[in-house]
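Hello,

Here is the structure I promised to pass on to you. Have a look at it first, and then read my notes below.

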Amino acid sequence: MTIIPTDRHNRMMPFVLLALMAIAVPLSANAQGTSVPESTTWNSLKGDVFGQQAIAPADGVVSIEAPKRAEDAALVPIDLRFKTDATSGQIKAVTLIVDENPAPVAAVFKFGKDAGVTHLATRLRVNAYSYVRAIAETEDGKLLMTQTFVKASGGCSAPALKNQDEAMASLGKMKLRVFPSNAPGIEPKTRATEMQLMIRHPNNSGLQMDQLTRYYIPAHFIQGLTVSQGDRLIMSMEGGISISEDPNFRFEFDARPGEDVRVEAADTEGKKFQDEWPLQPSSL
Amino acid sequence: MIHPTRRSVLKTSAFLAYCCMGQFSAARVLQSESGPLPVTEIDDGVFAFSGADELMRAQNRGEICNVGFIIGKEAVAAIDSGGSVAEGRALIAAIRAVSDKPIRYLINTHMHPDHIFGNAAFDDAGTTIVGHHNLPRALASRGDYYLQSFRASMGADLMADIRIIPPTQLIAGEETLDLGGRPLTLRAWKPAHTDNDLTVFDQKSNVLFTGDLCFIGHLPTMDGSIPGWMDQLEPLKAVNARLAVPGHGPVPSKWPEALDDERRYFEALARDIRKSIADGVPMAEAVKTAAESERLNWQLFEEYNERNATAAFAELEWE
């Protein structure tokens, strides 16, 4: 793993702008929440993110799972599954949105053409009672949406870093796990390989206030990530502050045994992190 | 404790269970509404108050952890200020009921609101606040969040006085404070319950104030490092104390037996989570069943166990 400082780039501006717009809005009403979900937030958000494009119900092509009530609002597990058969075709990209978060667009994932990603799980910060929704884009450009409601509060403003010295000392460290297909709790698969990518990063939300200076601690998060095998792209991600501390992605894809898996990540301070792992049968 | 949780039904049942088993019950609640905190003299000049195994809320004035004080020939040291300024004032009243010596030190055992929300009560007393060298940083990043997130459960009246006041005298390693013929050994620990845990050992009486490094009855809460906590149980046990005032649990408790329950819980939790990680069980599944064997041994298990399991999973998967 190497850390190479480079220039900041600004392709994350939409994420940051949405965050800044939302900071101006009092959060307390949302944070207390009600048990009656409303989609007014989504109605006003939809145009900002997807313009005039029509969005159809996912109808099983994409499904989302999350706990109804989060135990830890800063670590809410989200599970996405994609049906990629002859009729539905491949999924090209998926956008993960937490309606009531200060920066609602949590992440945009793009999948390689023949990556065959069928499952993707990550962990999110959820700041208020909110819909969490996934909008998938199919090969032919259609948008399909599914959503679930999560009761949580304070996930973005909650201080993370339980062990601050340790967190900063291991910044950017990565770990890749490959799961054996016959492990308990895992559905048997045919050709797909399941992996888990973990990156040490505080992923600061920018919403934690420094008590002494009364300034917000600057956002510092993983904004770009690519996972490739050999020379083909498996998945890329543009992320925002709603991805939890120590970003964690578990996914299934069509692996080619024998080819290395390579990960590159960049954060908002211009630090780059990279690592690679041989994918050998022994690691399966 | 970390957070108010939202399961009112369970909270109520936990509270009722507490009332039925507690030896204090109604009398204690009434007393705590005004006047001095009802403290017990554990040894000559060593006093402690026993907090309730509950979540912090307006009805209990945040009085859920154990706080205390030690009186030397020249001065007094208070240990933790409690979960509200009202509790802090009641603690000062308890000190004044038995001593007119200056309260030279307020020792904060760690960052959690039930232990530090009363700090402002000591403002006018010329008291120096003492804490772990990591405590100011922890309060800087969490203080505002604590003030916001307890507003709903504690109510505006109690919250109005509460301010986050960091320590000015910081402890690294081991240091001694003298109250006049009464040396106290303060020890800063590595990340365990939090990354700013401090213990206070009174050499004269051999009583150890553990802060939240020791929980009895009340389920331990994880806000630091589970392997760190487990690793330090041995050096903690080696502290040559006779009695302990745990952060939560009976006052006093026998030492080092006071550590037995939490050790058993940590072992169960770490074992279950490590097995899930090794088997590839996702976090969301793993936390539902982790340490289930411990459920009946603790108060507030329902409120905190899954949260602890989530923290443990996120930490242990990096091993």
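Which residues is A:Leu197 in contact with, leaving aside its neighbours within four places in sequence? Please keep in mind as you look that this is a predicted model. The partners of A:Leu197 are A:Met174, A:Lys175, A:Leu176, A:Leu225, A:Val227, A:Pro247, A:Asn248, A:Phe249, A:Phe251, A:Val263 and A:Trp277. A:Leu197 also belongs to the largest nonpolar core, which has 54 residues, and it is listed with A:Phe109 and A:Phe251 as having the most contacts inside that core. Another core, of 44 residues, lies apart from it, and includes B:Ile226, B:Val239, B:Ile277 and B:Ala314. In soluble globular proteins, nonpolar side chains tend to be buried together.

Staying with chain A for a moment, find A:Ala107 in strand S6 (residues 105-111). Its relative accessibility is 0%, so A:Ala107 counts as buried. Beyond four places in sequence, A:Ala107 touches A:Val94, A:Thr95, A:Leu96, A:Met237, A:Glu238, A:Gly239 and A:Ile243.

Now for chain B. Its 7 strands form an open sheet with mixed pairing, in the order S1-S2-S3-S4-S5-S6-S7. Strand S1 (40-43) and strand S7 (169-171) of chain B stand at the edges with a single partner strand each, so one side of each has no neighbour in the sheet. From one strand to the next, the twist averages 25°. S7(B) runs parallel to strand S6 (residues 128-132) of chain B, and 3 bridges join the two. Across this pair, B:Val130 stands opposite B:Gln169.

Helix H3(B) packs on the sheet, touching S2, S3, S4 and S5 of chain B, and its direction makes about 30° with that of S3(B). Among the buried residues of H3(B) are B:Val85, B:Leu91, B:Ile92 and B:Ile95. The buried residues of this helix also pack against helix H7 (156-161) of chain B. You can check the length of H3(B) yourself: at 1.5 Å a residue, its 14 residues (85-98) should span 20 Å, and its end C-alpha atoms are 20 Å apart, which agrees.

Over residues 1-33 of chain B, however, pLDDT stays under 50.

Enjoy exploring!

Conventions
Residues numbered from 1 in each chain as written. Chains lettered and ligands numbered in written order. Predicted model: local features only at pLDDT ≥ 70, side-chain atom pairs only at ≥ 80, totals over all residues. Heavy atoms only, no water. Helix = DSSP H or I, 4+ residues; strand = E, 2+ residues; numbered from the N terminus. Expected span 1.5 Å × (residues − 1). Buried < 20%, exposed > 50% of the residue type's maximum accessible area, 1.4 Å probe, protein only. Contact = heavy atoms within 4.5 Å. Pairing = 2+ DSSP bridges. Axes fitted to C-alpha atoms, helices over the stretch in contact; angles between N-to-C directions. pLDDT = per-residue confidence, 0-100. Core = buried A, V, L, I, M, F, W, Y, C linked by side-chain atoms within 4.5 Å.
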